[in-house]
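Have the sequence and the structure side by side while you read.

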Amino acid sequence: MTAIKHALQRDIFTPNDERLLSIVNVCKAGKKKRNCFLCATVTTERPVQVNVVKVKKSDKGDFYKRQTAWALRDLAVVDAKDAVKENPEFDLHFDKVYKWVASSTVEKNTFISCIWKLNQRYLRKKIDFINVSSQLLEESVPSGENQSVTGGDEEAVDEYQELNAREEQDIEIMMEGCEYAISNAEAFAEKLSRELQVLDGANIQSIMASEKQVNILMKLLDEALKEVDQIELKLSSYEEMLQSVKEQMDQISESNHLIHLSNTNNVKLLSEIEFLVNHMDLAKGHIKALQEGDLTSSRGIEACTNAADALLQCMNVALRPGHDMLHAVKQQQQRFSDLREQFARRLASHLNSVFVQQGHDQSSTLAQHSVELTLPNHHPFHRDLLRYAKLMEWLKNTDYGKYEGLTKNYMDYLSRLYEREIKDFFEVAKIKMTGTTREGKKFATLPRKESAVKQETESLHGSSGKLTGSTSSLNKLSVQSSGSRRSQSSSLLDMGNMSASDLDVADRTKFDKIFEQVLSELEPLCLAEQDFISKFFKLQQHQSISGTTTNEAEEMDGGTLSRSYTSGVPQTISSEKDMIRQMMTKIFRCIEPELNNLIALGDKIDSFNSLYMLVKMSHHVWTAQNVDPASFLSTTLGNVLVTVKRNFDKCISNQMKQMDEVKISKKSKVGILPFVAEFEEFAALAESIFKNAERRGDLDKAYIKLIRAVFVSVEKVANESQKTPRDVVMMENFHHIFATLSRLKISCLEAEKKEAKQKYTDHLQSYVIYSLGQPLEKLNHFFEGVEARVAQGIREEEVSYQLAFNKQELRKVIKEYPGKEVKKGLDNLYKKVDKHLCEEENLLQVVWHSMQDEFIRQYKHFEGLIARCYPGSGITMEFTIQDILDYCSSIAQSH
């Protein structure tokens, strides 16, 4: 093993500057035994690196090669398998577990012991040695405590060390001088011993010769020590002198520190005094303005505003710690509080007097608006009050109690003023709507009770003022039997209870203009007042909306703008936007009921006015919501719009109800039904009103309801008609409906238009077929029998052999209908159709032409049957198709 170790050191590790410390012959466990060597090596250069190298014998020769190397720092665990019994197996845990079997237990233990020593010396990370005998590890540690473990280990490990170049050179020189040393080692050793003795003696003589010089050196050292003692004495005296100087300098330094501290305190005191003087000193001019300033002139208001701002700055100055303990500061703060209280009281009193004066002055100007449908302009009053806006903001920030009191007083005075103006304004609007006048009375004394307005309206229009008429009048409707168009149209007007003198386009246009003017006057009035409130009372209009609902705002009184106080600071419960809406609700509390009364009056005058009101109100609501969806104007108009929409729905429901309750006379001819004509009028009026309107969807829904009700009612009346055939009633009325829908081009009723056309076509065909059976009744019966025999299975050419349908019978039936008789029958048919049809639709020629086509079709059918069932008989009708055309044309011209 020693020879292998030297060979490995020479061939493998010396070229890599490594020293081989331990070696073990191993093979892998569980596999075919292929021996290799595990070597523990260290590098010769610093820092030392410790490796475990696997060396394997080459297959091509007897030399060894380096196969794998692991750094010892990567070794985690050394497992010897058994610490008691001898076992050649052991494991090394690097990146994975390597299982080895040593050639002998001694080699294994020696290798593990070397690994343990290298770990103790070179590695900070300790390797875990498991199943290793404690005696094996303890034997490796030297017993001497002072002896270096690493040094002893290195000597024990270093069994071999090569000579360096210098040592080899010295030995060669020595051996050249002693040629006999190789042959006689003892003589060479004796010579070396003698030379060593000579050297030792020379050393002793040299030491003895230097004793004199040592004594001289000792004397010099003694003299140097004396000099050092003298220097120490002088240094001690110098230190005593410097100590007194140090004490004096300390006193001077302390004195300078006190002077600097005094100066610093004086500067700070001056800074504090200047701060208090600069920030808590109010100019005499400001004090005078607060106490005696003129609040009526623009210059006085500006001076008071500047003084109030300066006072607020003085009161809100951020005092430094300890300032509030100064008596002068307390006095100044008390003085500022007194000035604030005095000026706030004077300002509130002046503004209250301005509010009262505004109410009296504005009342005197109401007479000029008594005959005009306009509202008084409050712009001058707003312009004068806006001069106090900054003072109101100051009052809001300094004395919220007085600010809230002013807010309540403003709402109280202005609500009474606006109530008088708005009620008088609506009285004028109602009078203009009804067309009544009151001579000898001034507008200011007009009564405002709704009952009076209703009495005027009823006296003007009577009990049947609605366009669609009352239910009782509809129950008495009867269709006139006269043939003239004029009498028929007048009867329709009578049925609808709508005389042209009472309700016409001019009256509706007049109502529309008045209603639009009312909304146009109210809208700028509310917007101007809201804008003034936000500016004057310093309320933001575009803050986040609070959770307070509109109904809650209406119920709240203007004086209950509730706020709670904590240490004098108001805690806002509702947002400023809600305050604006509450103030507007209190000031204009009469607008919504007055608008509802006006809407009720318009609906009573003419139920179709709800169409105008729905369009106008929707437009104004849409405009107001675009400006501010949560404003008072938007909310109020939105509430009124609900009422208008309810009236519109009621108008539609009443028309549907009247359709359902319509009755017809059993003795009169039925023409165009009144509700069909009324639907035409409603649709034409609605299309003109709702052109480009925002609420078009409401009208489309009403159209669907009405047209379906019209369809149902037409069929109901047609089924109940006794004087006029059902097909005629259906044909004429659905033709009228189709013509109306085609003319108006209502997109949502396209399906109903197609349905009306289909019903008109079907009933026209049914009426024509039914009526044509009468002129050639026997001939029709004869050929119906022929067709019945053919249907029973008799061949067509054999029908003539039937006794009842032979050629003689056919000739007999044909002779009964010569051309003269046919023309006479057609003439009677024309007269009967003329009696059935009404003049409004002018469908006589259309029906007559359809009958002519149907008659020709039947004629051709009869000829076909004769040709097929009576072939070669030579039997023909006594009139031709051209005769039929001539008969029909002459009959139509004669009538």
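Pro-47 lies in the loop between strands E2 and E3; helices (H or I, at least four residues) and strands (E, at least two) are DSSP runs, numbered from the N terminus. This is a predicted model, in which local features need pLDDT of at least 70, side-chain atom pairs count only at pLDDT 80 or more, and totals for chains, interfaces and linings use all residues. Residues are numbered from 1 along each chain as its sequence is written, and side-chain values use heavy atoms, with hydrogens and water left out.

The peptide bond between Arg-46 and Pro-47 is cis, with omega about -5°. The hairpin that joins E2 to E3 has 6 residues. Strand E2 (residues 36-43) pairs with E3 in the antiparallel sense over 6 bridges, where pairing requires that DSSP finds at least two bridges between two strands. Val-42 has Val-50 in E3 as its bridge partner.

E3 also runs antiparallel to strand E4 (residues 64-71), joined to it by 7 bridges. Here Val-55 is partnered with Arg-66 in E4. Strand E3 (residues 50-57) is largely enclosed by the rest of the structure, because 7 of its 8 residues are buried (under 20% relative accessible area; exposed is over 50%, partly exposed in between, with a 1.4 Å probe and protein chains only).

Most residues other than glycine have a negative phi, and most peptide bonds are trans. Lys-81 is not a glycine, yet its phi is positive, about 75°. Lys-81 sits in the loop between strand E5 (77-79) and strand E6 (89-93) and is partly exposed at 31% relative accessibility.
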